[in-house]
Amino acid sequence: MTDRPEIPPSWAWGTLGDLVTRIEAGKSFTCQPRPARDDEWGVIKVSAMTWGEFREQENKALPADREFDPRFEIRPGDILVSRANTEQYVGAPVLVRKCRPRLLLSDKSLRLIPSREIDPGWLLQVLSSPSIRRQISARASGQQDSMRNISQQALLSLQLPVPPLVEQRRVVIAVEEQISRLVVGDDLLVKQLLRLRGLKKRLLVESVPLSGNAGWRIVTVAEAGRVDLGRQRHPDWHTGPHMRPYLRVANVFEDRIDTTDVMEMDFPPAVFEKFRLERGDILLNEGQSPELLGRPALYRGIPEEVAFTNSLLRFRAGPGVDPEWALLVFRRHMHAGRFSREVRITTNIAHLSASRFKSVEFPIPPLAEQREIVARVSEQLAGVDRLIEAIERARRQSVALRASLLAEAFAGRLVAQDPDDEPASELLARIRAERAASIPKQRTRSRRTAKELPAPATRVTGDDYQQEALPL
């Protein structure tokens, strides 16, 4: 291993396999698409182990007639890791501090059973440290960043810096004390962030009154401008002599067009001209989750010479409508839930059809007033955005501080060493000796008698918690 920091003389390097007595893997269950009730058995989802704390509500109900092994039930004090997750979270540990009864491990979860000679809190923290997270990322398999996998063998091979047992406990106390302060600060930041996002939403909704003022007209979107649906994608057009860039839902965010991943398609000249964007065009997501349906962005000429697909709607402002005003109106409608009232659901995706979009109300004040309102609201939103960015920057600094704290802790620089502590090398030697002594000797006979068969395993069913013997 090359990512080994210097450690104190009383510490030793070991593997995770040296420190745990076993890893228990969950099982794959066919579940109902809802959380389990209190009187039902449930199976945890990956999201129960994703956010740094155990979330027992992230589970699916097990059918009442399904058999399972009760040894897979999760208990307070368990250390769990997700076997399959994104690169950021695969193998990340969580401590089950409290847990409702009747929750089971899934096939994407693993339970670590540490040796009695290892402090569980220390093991949890060291597995969260930057150097160990880098090892896990390097050992995880899978080509897609959206889902990586870590095998039990890869986890057991992780190289860990092991302090003496009493120092493990001192490290845990020191780390938890510092992290608790960071958590308090993070909670305050999150509360302020939520308040600012609520303020931003309120500014957008209140900036465009639908009742109108003197001199305002209330028309439909179709009367305020032209609405077009983009070009449908087709495999036959992935290559061709007239390749042109196009925008899709993945490029269109609220008041922002992301150009980091712009795809191309074959557009004959006449077809491209029909779908080519012009400065001032507004693109809206035709398909999204309901709360983000109709998410709008103004095309300001970048990227140049670009078209759009039928996952987007295009609004081109008519006479007397400033494009910036139209953007403000559509942002107002999205945050007020106006577009979601026109929703059509297919395969869990909400759709805003062109015909329904055209019928949505569109207030039009005099042109000078449009520009005045846009300038005033833009200034207010910019101030809120600056505060939001400052809070998000502080949250990123908190994450960096936590990583630095763990790096210091597991390089032996957070707490003082005591020369009277038993060296970690002796601790590891004792664990290995105990493990070796517990391994049963290999039998010389090729067959065992019926007396020597192990006791039958027990399983229970979801509707009856009576144990029953199953054949081996």
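1. The accessible surface of the chain, in this predicted model, comes to about 25300 Å², and carbon and sulfur atoms account for 52% of that area. Turning from the surface to the interior, buried residues make up 45% of the 472 residues in the chain.

2. As for the overall fold, the chain holds eleven helices and 28 strands. Its radius of gyration is 30 Å, well over the 23 Å that the globule rule gives for 472 residues, so the chain is more spread out than a compact globule. Taken along the principal axes, the box filled by the C-alpha atoms is roughly 90 × 55 × 50 Å.

3. Of the contacts between residues at least 6 apart in sequence, 78% join residues that are at least 24 apart.

4. Leaving out residues up to four places away in sequence, Leu16 touches Leu123, Leu127, Leu155, Leu156, Leu158 and Leu160. The C-alpha atoms of Leu16 and Pro161 are separated by 9.9 Å, although the two residues are 145 residues apart along the chain.

5. In helix 3 (residues 130-139), the buried residues are Ser131, Ile132, Arg133, Gln135 and Ile136. The cover over these buried residues of helix 3 includes helix 2 (120-127) and strand 12 (159-162).

6. Gln168 is placed in helix 5 (residues 165-207), and at 0% relative accessibility this residue counts as buried. Which residues is Gln168 in contact with, leaving aside its neighbours within four places in sequence? They are Glu117, Ile118, Asp119, Trp122, Val162, Pro163 and Leu427.

7. His335 has its place in helix 8 (residues 323-335). Residues up to four places away in sequence not being counted, His335 touches Lys201, Leu204, Val205 and Glu254.

Key. Residues are numbered from 1 along each chain as its sequence is written. This is a predicted model: local features need pLDDT of at least 70, side-chain atom pairs count only at pLDDT 80 or more; totals for chains, interfaces and linings use all residues. Side-chain values use heavy atoms; hydrogens and water are left out. Helices (H or I, at least four residues) and strands (E, at least two) are DSSP runs, numbered from the N terminus. The radius of gyration is taken over C-alpha atoms; the globule rule is 2.2 Å times the number of residues to the power 0.38. Buried means under 20% relative accessible area, exposed over 50%, partly exposed in between (1.4 Å probe, protein chains only). Contact means heavy atoms within 4.5 Å. Accessible areas come from the Shrake-Rupley method with a 1.4 Å probe; for residues, only the protein chains shown count as cover.
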